[in-house]
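Student: Can we go through this structure together? I'd like to start with the pockets and then move to the packing.
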Amino acid sequence: MRHVEPLRHSIRLSMLTILLAGVGLAAVASERTSEIRLPDSARFPESVTSVSDGTLFVSSIADGGVLKITGDGEVATSFLKSGDHGTRSTFGVLADEKRGTLWVASNDATAIGAKGPTTTEGGWVKAFDLATGALTQSIRLPGEKALANDFVLDAQGALYVTNTFAPQILRLRPGAAEFEIFVEDEALKKGLDGIAFGLDGNLYVNTFLGGELFRIEVKDGTAGPITKLETTRPLKFPDALRTFKDGFLMVEGSGALSRVTVAGAVARIEPIREFAGPTGLTVAGDRIWVAEGQLGRLSPLAKGGGAAPSFHLRSIPVD
């Protein structure tokens, strides 16, 4: 019996070691799923969207196409192959699970240093079946200068898209075959980008070059007055804007992911975390995913200025 206790003690230590090792492995696994390195065929990601099972869809300014990543972050496949269906540089992506559609913005982005995989001219919005990937709709934006950037849907299923090359927000009603101009105003001329509906039913947009945030009053489906909001700190290249809790989430190309809350004509900007040139975001389950587009590296690379950096999606827990 004298040898029993040492043996039991040894067994306890061994079990404790295994348990701690398991905790360590779980921590590594958790860390791994919070960071996804994108393949070299999806450089300079622009936008990211998600569906309820956590699956992510990512666009690419440099290479085009749309990458599909499983909810556990382990498998990445091509939802839309580079250049398919006449697509070029891909910008905004938005999953509409209710209608089984993935909306994709495709553009000639040579003006910002991205040639893309085809020579298709103009700005386009294309709809794909979420389940099969089949193209269901393809619509060109009106006007000579057009770049389809970001999307939002209203309660009736109408799609709104920002036109970065013109001070326009365009709307596509359900069943329509072409866009209508929902808003056109010179106040929005400094590179329209992110777009989202607030809980007040009004539309909110930002301008990438102007560092501005605007509220557009919406009543009975009609645009009303436009208000430029005062921000509690200057914005540097604001990009994706998404409705979140009582306000919004927003990324800025300079690095910040922030909470945005609006009271009257003032928008409070509260930084959450810094990323490497973020361009897109989505909330999937209990995590906020951010696409690190690093667009500041795009023009130098196009001019032969060194190798492309690696690109990632990174996430943080939802508070």
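**Pockets, cores and aromatic pairs**

Tutor: This is a predicted model. The lining of the largest pocket is made up of twelve nonpolar, eight polar and five charged residues.

Student: What volume does the largest pocket have?

Tutor: Its volume is about 470 Å³. Its lining has 25 residues, and those closest to the centre are I112, D193, F208, L209 and L295.

Student: Which elements give two or more residues to that lining?

Tutor: They are β14 (192-197), β23 (278-284) and α2 (298-302).

Student: And the second largest pocket, how much space is in there?

Tutor: About 400 Å³. Of its 18 lining residues, L94, V152, L241, R242 and T243 are the closest to its centre.

Student: How does that lining split by class?

Tutor: There are 13 nonpolar, four polar and one charged residues in the lining of the second largest pocket. At least two lining residues come from each of β2 (45-50), β6 (89-96), β10 (148-153), β14, β19 (238-244) and β23.

Student: Now the packing. Which members of the largest nonpolar core touch the most others?

Tutor: L56, I69, W103, V125, F151, F179 and L313, out of 36 residues in that core. A second, separate core has 14 residues, V152, I169, L192 and I216 among them.

Student: Back to L56. What is it in contact with, leaving aside neighbours within four places in sequence?

Tutor: L56 is in contact with I36, V48, T49, S50, L67, K68, I69, T282, A284, W289 and L313.

Student: Are Y160 and F182 buried or exposed?

Tutor: Both Y160 and F182 are buried. Another pair, Y204 and F248, is tilted, at 4.9 Å centre to centre and 50° between the planes.

Student: Which parts of the chain does the Y204 and F248 pair tie together?

Tutor: Y204 lies in strand β15 (residues 203-207) and F248 in strand β20 (residues 247-252), so the pair ties together parts 44 residues apart in sequence. Y204 and F248 are both buried.

Student: Which residues form an aromatic cluster?

Tutor: F57, F79 and F128 form one.

Conventions. Residues are numbered from 1 along each chain as its sequence is written. This is a predicted model: local features need pLDDT of at least 70, side-chain atom pairs count only at pLDDT 80 or more; totals for chains, interfaces and linings use all residues. Side-chain values use heavy atoms; hydrogens and water are left out. A nonpolar core is a set of buried Ala, Val, Leu, Ile, Met, Phe, Trp, Tyr and Cys residues joined through side-chain atoms within 4.5 Å. Buried means under 20% relative accessible area, exposed over 50%, partly exposed in between (1.4 Å probe, protein chains only). Contact means heavy atoms within 4.5 Å. On a 1 Å grid over the protein atoms alone, a cavity is a set of points where a 1.4 Å probe fits but cannot get out, and a pocket is an open set with protein on both sides within 12 Å along at least five of seven lines; lining residues have an atom within 4 Å of a point. Grid points are joined across faces, edges and corners, and a volume is the space filled by probe spheres set on the points. Helices (H or I, at least four residues) and strands (E, at least two) are DSSP runs, numbered from the N terminus. Ala, Val, Leu, Ile, Met, Phe, Trp, Tyr, Cys and Pro count as nonpolar, Asp, Glu, Lys and Arg as charged, and the others, Gly among them, as polar. Rings of Phe, Tyr and Trp (its six-membered ring) pair if their centres lie within 6.5 Å; planes under 30 degrees apart count as stacked, over 60 as edge-to-face and the rest as tilted.
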